[in-house]
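Dear colleague,

Please find below the sequence and the structure that I am handing over to you. My notes on what was found follow directly after.

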Amino acid sequence: MKRPFLFIGLAVFLLVLDQVVKLWVMQAIPRGGSFHGWPLPGFFELTLQYNKGIAFGFLQGQGKLLSPIAVA
């Protein structure tokens, strides 16, 4: 009986963690800018980008088409 609570707790924790990280990134990195020097300088760096479409930018600017799909 503990597994549903474990699953819900983990899901809520990950959702909150996701939002905290997004807030931190939006405050730490200017739009289109990069966070150089961390975690692996020259190999792995964070760059703030926005995707207004679906996977890999497909259907960008097609919000009226995507909204019914998301609701369904």
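In these notes a residue is called buried under 20% relative accessible area, exposed over 50%, and partly exposed in between, with a 1.4 Å probe and protein chains only. By that definition Asp18, at 32% relative accessibility, counts as partly exposed.

This is a predicted model, in which local features need pLDDT of at least 70 and side-chain atom pairs count only at pLDDT 80 or more, while totals for chains, interfaces and linings use all residues. Residues are numbered from 1 along each chain as its sequence is written, and side-chain values use heavy atoms, with hydrogens and water left out.

Confidence

The predictor's confidence in each residue is given as pLDDT, from 0 to 100. The mean pLDDT of the protein is 82, and 92% of its residues reach 70 or more. Among the elements, H1 has the highest mean pLDDT (91) and S1 the lowest (73). Where pLDDT is low, the predicted coordinates should not be read in detail.

Overall architecture

The protein has two helices and two strands, and from the N terminus on its elements run α-β-β-α. Helices (H or I, at least four residues) and strands (E, at least two) are DSSP runs, numbered from the N terminus. The radius of gyration, taken over C-alpha atoms, is 17 Å, whereas a compact globule of 72 residues would have a value near 11 Å. The globule rule used here is 2.2 Å times the number of residues to the power 0.38. Along its principal axes the C-alpha trace spans about 45 × 35 × 20 Å.

Of the 72 residues, 8% count as buried. The accessible surface comes to about 6,600 Å², and carbon and sulfur atoms account for 71% of that surface. Accessible areas come from the Shrake-Rupley method with a 1.4 Å probe; for residues, only the protein chains shown count as cover. Contact means heavy atoms within 4.5 Å. Among contacts between residues at least 6 apart in sequence, 3% join residues at least 24 apart.

Helix H1

A search of the whole structure finds one salt bridge, defined as a side-chain nitrogen of Lys or Arg within 4 Å of a carboxyl oxygen of Asp or Glu. Its partners are Lys22 and Asp18, whose closest N and O atoms are 3.2 Å apart. Because Lys22 and Asp18 are four residues apart in helix H1, they are separated by about one helical turn. Lys22, at 42% relative accessibility, counts as partly exposed.

Leu10, Phe13, Leu14, Leu17, Val21 and Trp24 make a nonpolar surface patch of about 570 Å². Patches are made of residues with over 30% relative accessible area and no salt bridge; like charges are joined within 9 Å, and nonpolar side chains (Val, Leu, Ile, Met, Phe, Trp, Tyr) within 5 Å. Leu14 lies in helix H1 (residues 2–28) and is partly exposed, with a relative accessible area of 45%. Val16 also lies in helix H1, and its relative accessible area of 48% makes it partly exposed. From Val16 to Ala28, twelve residues on in sequence, the C-alpha to C-alpha distance is 18 Å.

The loops

Pro30 lies in the loop between H1 and S1 and is exposed, with a relative accessible area of 55%. Pro30 and Gln62 are 32 residues apart in sequence, and their C-alpha atoms are 26 Å apart in space.

Pro41 is found in the loop between strand S1 (34–40) and strand S2 (44–47). With a relative accessible area of 56%, Pro41 is exposed.

Tyr50 belongs to the loop between S2 and helix H2 (63–71) and is partly exposed, at a relative accessible area of 41%. Leaving aside neighbours within four places in sequence, Tyr50 is in contact with Met26 and Arg31. Tyr50 and Pro4, 46 residues apart along the chain, have C-alpha atoms separated by 34 Å.

With kind regards
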